[in-house]
Amino acid sequence: MNTRPLLASLALAFGVTAAHAADSLTVQLDWLPGGDKAFVYAGVQQGFFKAEGLDVKIVPGRGSSDAVTKIASGAADVGFGGISALMMAAAESKSPVPVKAVMSLYSKQPDALFTRVDSQIKTLKDMEGKTVAMPTFSSSNALWPVVLQKNGVDPAKIKVIKTDPATLAPMLAQGRVDATINWVTVAPAFQAVLKQANKDLAVLPWTQFGLDGYGWSALASDKTIKDRPDVLKRYLRALSKSLAFSIEQPQKAAEALKAQVPEADVAVVKAEFESSIPLLKNEISQREGMGAYDAKLLAATWGWVAKSMNYDITKINPEQLVDRSFLSK
């Protein structure tokens, strides 16, 4: 019996299988699937990850600190989170945190003050004597008094209520508080709640009051960087394509998230992603390049974190927390 044709067929079959075997990646989100993350789902739906030979598994999270912990522990290979959370983890850890920021997403900070149009609150100074509600756990909370002080406002003159994030919009709509602290990306959901009370939302981004620096970033474990550099480069290439596609076609990005998260509302997801576009695409990203980290702005980001948390500015070198080598030239 001539076995050569059989062996040749088997070799060909295994060769084809090997050529198409996708590299798996566990992608850790910093929160539940929402409009700001629609581009990740668009990358799956449009086949951008698959085209790079990747099989990605998207996992929901419970905040940026949680995402950093999951990536550091090896529970995830890559993920997303505020770079401030990575800086805080590095400042508080006795040993180096095995996570790096590999691509900037928000080159502007997303923190904002939400109020009603009829409140006549136009500046942070207008908040004196007023009440603000903020989530019990939020990276914005520690920044709040520092931003106030930078603008000559006494934090002690503003009453603070900490509550569950889900109660913030109803409290603002009902007039139980004068303002809330949120990311600009959730403005559409707040607007919908306020509309039911015949009120209109006013958004005051903290970037208007001097808050500069990097926010949300793509993260990777040191293990992924060291052991799978080509996989990481392909992942970031697909992620960049996903971002560009979603910025151009937010409706399709929203539909992509809906296809994978059935309970999502396409209209809300689309509006939330559109609210994030100015954080992704702006004069900073155009000047430095999408995804890049400018050394001066990175240092400014750490300066805000250090001041808000009372860290010694020499506690860490923020340059050691980023790896710029994987971004496509």
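Two strands pair if DSSP finds at least two bridges between them. Keep that rule in mind for the views below, which show a predicted model.

**View 1. Strands S4 and S10 pair side by side.**
Strand S10 covers residues 216-221. S4 and S10 run antiparallel. Five bridges join them. Strands of a sheet pair through backbone hydrogen bonds, either parallel or antiparallel.

**View 2. Five strands make an open sheet, in the order S2-S1-S3-S10-S4.**
The pairing in this sheet is mixed. Which strands form its edges? They are S2 (54-59) and S4 (99-104), and each pairs on one side only. Neighbouring strands are turned against each other by 30 degrees on average, direction ignored.

**View 3. Helices H2 and H5 lie on the sheet that contains S10.**
Helix H2 spans residues 38-45. H2 lies across S2, S3 (78-82) and S10. Its direction is about 145 degrees from that of S2. Helix H5, residues 83-92, packs on the sheet too. H5 touches S3, S4 and S10. The directions of H5 and S3 make about 90 degrees.

**View 4. A second open sheet has the order S7-S6-S8-S5-S9.**
This sheet has five strands, and its pairing is mixed. S7 (159-163) and S9 (201-205) stand at the edges. Each has a single partner strand, so one side of each is left without a neighbour in the sheet. On average, neighbouring strands here are turned by 30 degrees against each other, direction ignored.

**View 5. Strands S5 and S8 pair, and helix H8 packs on their sheet.**
S5 (residues 111-116) and S8 (residues 179-183) run antiparallel. Five bridges join them. In S8, Ile 181 is the bridge partner of Leu 113. Helix H8 (residues 187-196) touches S5, S8 and S9. The direction of H8 makes about 155 degrees with that of S9.

**View 6. Helices H5 and H14 cross at roughly 60 degrees.**
H14 spans residues 295-309. The axes of H5 and H14 come within 10 Å. The two helices are therefore oblique to each other. Their crossing is right-handed. From H5, the contact uses Ile 83, Ser 84, Met 87, Met 88, Ala 91 and Glu 92. They meet Leu 298, Thr 301, Trp 302, Val 305 and Met 309 of H14. By class, this contact has eight nonpolar, two polar and one charged residues.

**View 7. Helices H11 and H12 pack at an angle of about 125 degrees.**
H11 covers residues 250-260, and H12 covers residues 266-280. Their axes are 8 Å apart. H11 and H12 are therefore oblique to each other. H11 passes H12 in a right-handed crossing. H11 brings Pro 250, Gln 251, Ala 254, Glu 255, Leu 257 and Lys 258 to the contact. H12 brings Val 266, Val 269, Lys 270, Phe 273 and Glu 274. The contact residues divide into six nonpolar, one polar and four charged.

**View 8. Glu 52 and Arg 237 form a salt bridge.**
Their closest N and O atoms are 2.8 Å apart. Where do the two residues lie? Glu 52 lies in the loop between helix H3 (48-51) and S2, and Arg 237 lies in helix H10 (residues 229-248), so the pair ties together parts that are 185 residues apart in sequence. The model's count comes to 19 salt bridges.

Key. Residues are numbered from 1 along each chain as its sequence is written. This is a predicted model: local features need pLDDT of at least 70, side-chain atom pairs count only at pLDDT 80 or more; totals for chains, interfaces and linings use all residues. Side-chain values use heavy atoms; hydrogens and water are left out. Axes are lines fitted to C-alpha atoms, for helices over the stretch in contact, and angles run from 0 to 180 degrees between N-to-C directions. Helices (H or I, at least four residues) and strands (E, at least two) are DSSP runs, numbered from the N terminus. Angles under 35 degrees count as roughly parallel, over 145 as roughly antiparallel, 65 to 115 as roughly perpendicular and the rest as oblique. A crossing is left-handed if the near helix is turned anticlockwise from the far one by less than a right angle, and right-handed if clockwise. Contact means heavy atoms within 4.5 Å. Ala, Val, Leu, Ile, Met, Phe, Trp, Tyr, Cys and Pro count as nonpolar, Asp, Glu, Lys and Arg as charged, and the others, Gly among them, as polar. A salt bridge is a side-chain nitrogen of Lys or Arg within 4 Å of a carboxyl oxygen of Asp or Glu.
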